[in-house]
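Good morning, everyone, and thank you for making the time. Let me put the model on the screen, and then I will walk through it piece by piece.

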Amino acid sequence: MRIVADHVYVNDDSGTVLSAGVVEVGAGLITAVEPIRGARPRGEGVIDLGESILMPGLVNAHAHTPMSLMRGVSEGHSLLTLEGWLGAIRSLEAHLTPELVPASVAVSCAEMIASGTTTFADQYFFAERYLPVIKDSGLRAAVAYGIVELGDDGARAAGLAAAGAFLEGAGDDPLVRGWIGPHAFFVDNQLEAIDAEIAMARHHDVGLHTHFGTSAEEEEACRRDYGRSALSMMQEIGLFDVPLLLAHCNAIARDELGLLAGTRATIVPAASVAMISGAAAPPVRQALDADVNVALGTDNWCGNNNADLFEEMRTLGKLAAFTARAPNPILPRELIGLATWRGHRALGASDDDGRLVDGAVADLLALPVAALHRGPVGAQDIASALVYGASGFASTEVMTAGRWLKRGGVLTTVDLAAARAQQQLDYDELMARVHAA
Ligand SMILES: [Zn+2]
């Protein structure tokens with residue numbers, strides 16, 4: 001298949017745009033990317049998207065897909081504090097059972113596809129129950145099995161055994177892999193659990209997906225219990241030697257970012273959630289300058305109403321500028337990097353993935369040029385227009401591993417209307433249980 005578009009955003013370090021260009025796809029990979037000089041290719045196997053921009057699909061490195069079931073319930077609460085989370089979410093989750101989540105996972109997958117996401121990292125309970133929904137969506141995913149043990153020997157043994165069984169059961173699907181999801185280190189996963197989680201990650205060659213620095217909780221716990229900082233503890237026990245997603249990092253120690261430099265750990269800011277919760281801004285510019293990988297996450301559908309990563313890119317760009325009291329501390333080209341190849345790197349893939357180059361995964365999205373709301377040609381470059389002018393929901397084409405998940409503006413793998421209808425029934429059932437308790 002050869003895909004032609006007026007603009008091809010290669011996503012290299014110099015911001016190359018081919019106008020026009022062609023991307024050739026075969027067996028789930030990109031096999032060639034070339035500028036078009038002269039006549040546009042035609043004929044069998046050629047798909048001409050016309051006045052569109054073709055670019056790599058986006059990577060959401062921190063999501064909790066089942067939580068669209070509870071979208072809206074946490075209005076006015078910060079989910080980044082224990083109190084807010086317990087009151088708004090945990091009180092409902094206590095009544096949640098596995099059969100109430102698959103429809104909401106389908107809704108979340110549909111919204112991610114609709115807005116141009118092609119790969120995501122998930123973390124929640126009941127992952128074994130909803131893994132088939134993610135596989136059916138066609139998305140590429142690392143699905144982490146949630147573990148909370150709170151220092152309880154029985155809960156730890158049960159959580160680790162269940163995570164191990166989940167990893168065995170997830171099999172070796174080329175797109176959807178099992179991961180391990182300790183909810184938060186030191187706070188609800190004690191040292192004994194963390195050691196076992198690292199060993200399990202090494203054994204299965206997968207990564208750990210956790211929350212870190214949503215507040216100063218981990219730092220306070222480590223100073224109190226071990227007399228040292230959280231990051232230095234994490235380094236010593238080997239956490240940075242396996243792929244590690246550290247979601248949020250609002251309160252991460254700025255002067256210790258160097259401990260993460262060049263490691264397999266990735267900081268995953270969730271700017272919308274940080275802002276709506278009134279939390280501190282994560283130090284993204286400082287992390288990039290310290291050679292720390294940074295990816296983007298939308299977090300759950302309760303603390304962030306939607307999973308559009310274009311909105312997340314510009315929210316982070318604005319938050320960073322607002323915090324720095326200076327414009328553009330993170331360039332638009334860099335923000336796109338956070339949402340693409342740096343996300344793939346976070347999940348252990350090659351740095352070519354997330355760029356339009358030979359051999360990279362064929363994960364793509366296309367937007368009509370008009371949807372960029374771009375200034376006159378010459379006044380604004382395409383990276384800036386993508387970050388500050390576009391909505392992911394305006395995408396017309398979305399592809400993961402060479403398969404169309406959205407074609408001509410229509411979702412091809414998820415029946416969103418049916419999933420929404422079932423989600424409403426699931427929510428009504430959940431609330432009936434809450435009110436009966
Ligand atoms: Zn989260």
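Let me begin with a sheet, which is open, has four strands, and runs in the order β5-β4-β1-β6 with mixed pairing. Please keep in mind throughout that what you see is a predicted model. The edges of this sheet are formed by β5, residues 29–35, and by β6, residues 46–48, each of which pairs on one side only. If we ignore direction, neighbouring strands here are turned against each other by 20 degrees on average.

Strands of a sheet in general pair through backbone hydrogen bonds, and they do so either parallel or antiparallel. In which sense do β1 and β4 pair? Strand β1, covering residues 2–5, and strand β4, covering residues 21–26, pair in the antiparallel sense, and the pairing extends over four bridges.

Let me turn now to a pair of helices. Two packed helices are described by the angle between their axes and the distance between the axes. For helix α2, residues 102–114, and helix α3, residues 127–137, the angle is about 30 degrees and the axes lie 9 Å apart. Since angles under 35 degrees count as roughly parallel, α2 is therefore roughly parallel to α3. The crossing of α2 and α3 is right-handed.

Which residues make this contact? On the α2 side they are P102, V105, A106, C109 and I113, and on the α3 side they are R129, Y130, V133, I134 and S137. Sorted by class, the contact of α2 with α3 has eight nonpolar residues, one polar residue and one charged residue.

Finally, let me step back to the level of domains. The protein chain is divided into domain 1, which takes in 2–56 + 353–411, and domain 2, which spans 58–346. Taken over C-alpha atoms, the centres of domain 1 and domain 2 are separated by 29 Å. The contact between them takes 25 residues from domain 1 and 27 residues from domain 2.

On the side of domain 1 that touches domain 2, the elements giving two or more residues are α13 (382–389), β18 (397–400) and β19 (403–407). Of these, α13 supplies the largest share, five residues.

Notes: Residues numbered from 1 in each chain as written. Predicted model: local features only at pLDDT ≥ 70, side-chain atom pairs only at ≥ 80, totals over all residues. Domains from an automatic or database assignment. Contact = placed C-beta atoms within 7 Å. Axes fitted to C-alpha atoms, helices over the stretch in contact; angles between N-to-C directions. Parallel < 35°, antiparallel > 145°, perpendicular 65-115°, else oblique. Left-handed = near helix turned anticlockwise from the far one by under 90°. Nonpolar A, V, L, I, M, F, W, Y, C, P; charged D, E, K, R; others polar. Pairing = 2+ DSSP bridges.
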